Amino acid sequence: MRPDILNHGYRPGTKVLFAVIRLFSGRPLPDAAKLVFYRPDFYGAKAKAFTHEAMRGPSAWSVGERELMAAYVSTVNESAFCIGAHTATASRAYGDSPRVAAVLADLDSAPIEEPLRATLRMLGTLTAAGRVSPGEMRAVLATGVTPEQVKDALAVGAAFNTTDRLADAFGFEVLTPDGFAAGAKYLLKRGYR
């Protein structure tokens with residue numbers, strides 16, 4: 001159930017910012033962005049910093065691969081808002097919507113390299129079961145994924161397991177395809193700050 005405070009519970013300066021964003025973008029601010037402005041000292045500022053570092057910080061994983069990880073975790077969680085947002089962002093980052101769709105439809109037959117496939121499989125298991133075994137982690141490393149890449153992928157998984165649950169708990173509005181495309185353009189230009 002969506003608490004009404006997420007529609008109205010902002011300081012005057014934040015409300016002005018939302019109005020300016022709407023004026024220049026022609027779109028209301030998505031619920032994911034609104035959430036980080038509600039009690040920024042408790043959640044928003046820390047979440048933005050962590051998510052930005054996971055998604056845009058230094059990593060051997062490309063931005064497209066990390067966005068695909070976010071979309072995959074969101075698919076496992078069945079979080080409609082986050083699936084739409086990160087499928088659009090991964091598709092734009094890759095410039096290859098069919099590839100992204102193939103991964104989300106059937107990981108085993110998707111046209112991706114084995115290190116990424118093994119990493120996505122591990123994130124899916126961790127998301128669904130809450131843990132991975134040492135053998136499952138060794139299988140990921142055996143494909144050539146480095147321990148640092150595992151750490152980076154786990155950060156993406158942590159960020160989006162949290163965001164997915166918040167999106168569903170607060171009833172984030174699912175955008176139109178145009179709305180998700182606009183959000184993807186913004187996320188690829190500015191990141192998660």
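A salt bridge is defined here as a side-chain nitrogen of Lys or Arg within 4 Å of a carboxyl oxygen of Asp or Glu. The structure is a predicted model, in which local features need pLDDT of at least 70 and side-chain atom pairs count only at pLDDT 80 or more, whereas totals for chains, interfaces and linings use all residues. Residues are numbered from 1 along each chain as its sequence is written, and side-chain values use heavy atoms, with hydrogens and water left out.

Side chains of opposite charge can pair when their charged atoms come close. The structure holds 6 salt bridges. One of them joins the side chains of Lys 34 and Asp 31, with an N to O distance of 4.0 Å. Both residues of the Lys 34 and Asp 31 pair belong to helix 3, where they lie 3 residues apart, about one turn of the helix; helices (H or I, at least four residues) are DSSP runs, numbered from the N terminus. Lys 34 and Asp 31 are both buried, where buried denotes under 20% relative accessible area, exposed over 50%, and partly exposed the range in between (1.4 Å probe, protein chains only).

A salt bridge is also formed by Arg 117 and Glu 114, whose closest N and O atoms are 2.9 Å apart. Arg 117 and Glu 114 are placed 3 residues apart in helix 8 (residues 114-129), about one turn of the helix. Arg 117 counts as buried because its relative accessibility is 9%, while Glu 114, at 38%, counts as partly exposed. Both residues take part in a network of salt bridges that links Asp 108, Glu 114, Arg 117 and Arg 121.

In helix 10, Glu 148 forms a salt bridge with Lys 151. The closest N and O atoms of Glu 148 and Lys 151 are 4.0 Å apart, and the two residues are separated by about one helical turn because they lie 3 residues apart. Glu 148 is partly exposed, at 46% relative accessibility, and Lys 151 is exposed, at 52%.

Glu 148 and Lys 151 also line the second largest pocket, together with Phe 50, Glu 53, Ala 54, Pro 58, Ser 59, Arg 66, Asp 152 and Ala 155. A pocket is an open set of points on a 1 Å grid over the protein atoms alone, where a 1.4 Å probe fits, with protein on both sides within 12 Å along at least five of seven lines; lining residues have an atom within 4 Å of a point. The volume of the second largest pocket is about 170 Å³, a volume being the space filled by probe spheres set on the points, which are joined across faces, edges and corners. Helix 4 and helix 10 each supply at least two residues of this lining, and helix 10 gives the most, with 4 residues. By class, the lining comprises 4 nonpolar, 1 polar and 5 charged residues; Ala, Val, Leu, Ile, Met, Phe, Trp, Tyr, Cys and Pro count as nonpolar, Asp, Glu, Lys and Arg as charged, and the others, Gly among them, as polar.

The largest pocket contains about 1300 Å³ of space. It is lined by 47 residues, of which Leu 29, Pro 30, Ala 33, Tyr 186 and Leu 187 are the closest to its centre. Two or more lining residues come from each of helix 2, helix 3 (31-37), helix 4 (40-56), helix 6 (80-94), helix 10 (147-169) and helix 11 (177-190). Helix 11 makes the greatest contribution to the lining of the largest pocket, with 10 residues. The lining of the largest pocket has 27 nonpolar, 10 polar and 10 charged residues.

Val 20 lies in helix 2 (residues 12-25) and is partly exposed, with a relative accessible area of 36%.

Leu 6, in helix 1 (residues 5-8), is buried at 4% relative accessibility. The C-alpha atoms of Leu 6 and Tyr 72 are separated by 27 Å, the two residues being 66 residues apart along the chain.

Most residues other than glycine have a negative phi. Glu 78, although not a glycine, has a positive phi of about 55°. Glu 78 is located in the loop between helix 5 (63-77) and helix 6, and counts as exposed at 67% relative accessibility.
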